[in-house]
Each structure stands twice: as structure tokens, then as C-alpha cells.
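Here are some notes on the aromatic rings, written for reading beside the structure. Please keep the view open while going through the points.

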Amino acid sequence: MSNKSGFQAMLGAKCPQCRKGDLFPVSPFSFRKISAINQTCPNCNANLNPEPDFYYGAMYISYAFSVALVITALTAINILIEKPELWMYLTTVVVGNLLLFPAMLRYSKVLYLYGLGKLKYKGD
């Protein structure tokens, strides 16, 4: 059986060390415990919380995702609609952020752990 690439493991929100265990205890479509992350990997027991408040830095990544969404939405509206109204901008940005909030929150933590966590892939 082939191993997951680092990119596939990130997309699947898997442990950086074994690329098999889930980082989050609940599904991405569950709003219950939306920001909770497992303390340890359920597969290899790697510590997924290297220090207290480790994931606070992920807020910067989440902010970058939100800014990218706003810029993309505003650009799309300007290209697709000749004379857009203010409510179109506001509605698109608010609805887009609400719909993508769970994904942006999760993937900001995933990217932060993969980028700044000390866990390295150990393979099988």
C-alpha cells in the first residue's frame, strides 16, 4: 500500500508524523467542537499540542485566508457585474466567510502544525 504524500496528508488533516491519524476529533461538517484538535495522534501517539497555546499563531493564517477570500470575491464581483451595489459586496463577503469558516479554521491549524510543528514524517 502506498503512503500518502505530505500534500494529501495536509488535505486530509492527518498527523504529520504518520500521515494516518486524524488531527481533529469531529468531522469538518460538525459545528460541535469546531476548533478542537486531538491532544495526541490516535494512530502513532504523537503529541499534536507541542506547547500551551501553540495554535494561537494559526490565527494569522486564518486571517490571510479571510483576506484572500475577500479580495477574490470583490474582484469576481467587479469582473462579473457592470455596476455592483454595496449590498452585493457585503453579502458575498459575509456569506463566503460564514460558509468557509470551518475549513479556514481547520486548515489554518493544519498548515501551522505542518509548518512550525516539530513532527517529521517517519513512514511505515
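1. Rings of Phe, Tyr and Trp (its six-membered ring) pair if their centres lie within 6.5 Å, and planes under 30 degrees apart count as stacked, over 60 as edge-to-face and the rest as tilted. By this rule the structure holds two aromatic pairs. F54 and Y55 form an edge-to-face pair, with 4.9 Å from centre to centre and 85 degrees between the planes.

2. This is a predicted model, in which local features need pLDDT of at least 70 and side-chain atom pairs count only at pLDDT 80 or more, while totals for chains, interfaces and linings use all residues. Residues are numbered from 1 along each chain as its sequence is written, and side-chain values use heavy atoms, with hydrogens and water left out.

3. F54 is buried, with a relative accessible area of 9%, and Y55 is buried as well, at 10%; buried means under 20% relative accessible area, exposed over 50% and partly exposed in between (1.4 Å probe, protein chains only).

4. The rings of F54 and Y112 have centres 5.0 Å apart and planes at 55 degrees, so this pair is tilted. Y112 is buried, as is F54, and ring pairs link F54, Y55 and Y112 into a cluster.

5. Charged side chains also meet rings here, where a charge sits over a ring if NZ of Lys or CZ of Arg is within 6 Å of the ring centre and within 35 degrees of the ring normal. The charged end of R106 sits over the ring of F24, 4.2 Å from its centre, and K109 lies over the face of Y55, at 5.8 Å from the ring centre.
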